[in-house]
Amino acid sequence: MQPRLDAQKAAPAAYQAMLALETHVRKSSRLEPSLLELVRLRASQINGCAYCIDMHTKDARAIDETEQRIYALPAWRETPYFTVRERAALAFTEAVTRLADEHVPTAAYDDVAAHFSPDEVAALLAQAVVSRSFAIKNRGRWEAFGFDAYADTRDQVYLGVAVETDQAWDAVRRTAGQVLEYDGDVIDAYFHSTCGFSTAGIEEAFAAARTRPYLRPVSDDRGGGHYYCDISPRFRWREEWDASKLRAILSRTLPTVTPLSGDGLQRITDVTVSRTTRSGRVGELRIVFERGDVRIPGPDVRSVLRPEADRMLASTAFQLTVTKANGAVTRLVAAGAGSGHAVGMCQWGAIGRARAGQDYRAILTTYFPGTKIEKIY
Ligand SMILES: [Zn+2]
């Protein structure tokens with residue numbers, strides 16, 4: 001069979017300087033978040049995964065998806081609410097998600113190929129394959145996810161097994177029924193957007209989590225001063241708070257993790273990283289007041305030190321620069337790396353590794369050390 005996609009044409013200039021990369025990412029028509037959420041939600045509906053449907057419905061609302069489109073999604077063909085591009089993506093998603101060991105119907109493929117670049121088609125494929133795997137693992141496990149799902153799963157992107165674009169067709173069949181196992185059990189397959197330099201151990205990201213040997217820090221260093229995920233628009237970031245903004249944010253967020261005495265917040269005299277985790281992230285943040293201090297455990301840092309009231313900090317991988325005047329903090333700058341909880345597979349790193357020629361098996365067993373890919377049906 002002829003490969004349907006031309007890998008040469010598909011390969012973008014992947015490893016430019018950071019600024020150029022960001023420009024590239026912005027300019028190239030990558031899958032827009034609203035479309036990705038629709039695809040994830042539709043795949044979850046077909047897979048019958050209650051947890052996934054709940055998560056993606058919330059995620060869709062969080063990026064201002066309309067109620068009308070969310071309700072209409074199962075019957076999208078019969079409604080006027082979806083664009084031509086979205087309809088092509090949904091048709092393709094349904095074809096791939098319903099796939100067992102059959103091939104993607106040619107009509108669905110040709111339609112999607114007309115509206116998406118080869119890169120994007122591979123992303124859609126990866127999305128569908130991983131959504132199916134995740135659903136198999138988590139079906140019926142609603143109670144197991146009864147923790148505060150917001151902070152834990154907001155960044156739990158179903159990213160995927162990164163597939164080389166010209167092998168996309170074969171990859172679908174090759175991965176049908178495959179899951180990752182450790183010691184004979186299907187693993188908790190965590191994913192995140194961008195690790196920034198190294199993934200994190202699960203105990204770094206979730207307070208109550210027990211350690212798992214396959215969820216430990218894995219370097220994303222590819223040599224030559226580059227990282228596999230440096231193609232991500234969130235590879236490096238910077239946030240800044242002036243005195244009043246810092247005060248306004250902390251006044252809202254601190255009471256959710258620690259009781260504050262009396263008349264609100266005292267003068268903030270310092271903010272420091274008081275402990276670092278084994279992968280090099282913030283393990284504890286210390287906020288110092290005129291009298292006393294508060295120590296924020298790593299897993300709570302992203303929701304406490306928010307850039308905006310409605311937006312969590314991108315990651316716990318950051319360094320702080322504090323400016324003071326008259327003993328009080330007047331400016332706080334966080335220079336950070338990556339996006340998400342950093343546990344398990346790095347989505348942008350997986351794409352970077354695929355572009356560098358790694359196959360999906362190598363990628364998965366790198367991010368989940370000691371695991372094996374097993375075919376369960
Ligand atoms: Zn990474």
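Two strands pair if DSSP finds at least two bridges between them. Strands themselves are DSSP runs (E, at least two residues), as helices are (H or I, at least four residues), and both are numbered from the N terminus. In strand S7 (268-276) and strand S8 (residues 282-289), seven bridges join the two, which run antiparallel. The structure is a predicted model, in which local features need pLDDT of at least 70 and side-chain atom pairs count only at pLDDT 80 or more, whereas totals for chains, interfaces and linings use all residues. Residues are numbered from 1 along each chain as its sequence is written.

**Chain and confidence**

- The chain contains 15 helices and 13 strands.
- Average pLDDT, the predictor's confidence in each residue from 0 to 100, is 74 for the chain, and 68% of the residues score at least 70.
- Of the 377 residues, 41% count as buried, that is, with 20 or more other C-beta atoms within 10 Å of their own; residues with 12 or fewer are exposed and those in between partly exposed, with C-beta atoms placed from the backbone.
- Two residues are in contact if their C-beta atoms, placed from the backbone, lie within 7 Å. Among contacts in the chain between residues at least 6 apart in sequence, 69% join residues at least 24 apart.
- Over residues 100-107 pLDDT stays under 50, and the model has ten contacts beyond four places in sequence for them.
- Where pLDDT is low, the predicted coordinates should not be read in detail.

**Sheet S7-S8-S9**

- This open sheet has three strands in the order S7-S8-S9, with antiparallel pairing. Its edge strands are S7 (268-276) and S9 (293-297), each of which pairs on one side only.
- Neighbouring strands are turned by 20° against each other on average, direction ignored. Axes are lines fitted to C-alpha atoms, for helices over the stretch in contact, and angles run from 0 to 180 degrees between N-to-C directions.
- Thr272 stands opposite Arg286 in S8.

- Seven bridges pair S6 with strand S11 (residues 328-337) in the antiparallel sense, and Arg236 stands opposite Ala337 in S11.

**Helix pair H3 and H4**

- The axes of helix H3 (residues 33-47) and helix H4 (residues 50-62) come within 9 Å and cross at roughly 160°. That crossing makes H3 roughly antiparallel to H4, a term for angles over 145 degrees.
- The contact involves Glu37, Arg40, Leu41, Ser44, Gln45 and Asn47 of H3, together with Cys52, Ile53, His56, Thr57, Asp59 and Ala60 of H4.

**Helix H14**

- Helix H14 (residues 347-355) is mostly covered, with nine of its nine residues buried; among them are Trp348, Ile351 and Arg355.
- The cover over the buried residues of H14 includes strand S3 (191-192), strand S12 (345-346) and helix H15 (360-367).
- Gly357, which follows H14, has a positive phi, near 100°.

Methods. Angles under 35 degrees count as roughly parallel, over 145 as roughly antiparallel, 65 to 115 as roughly perpendicular and the rest as oblique.
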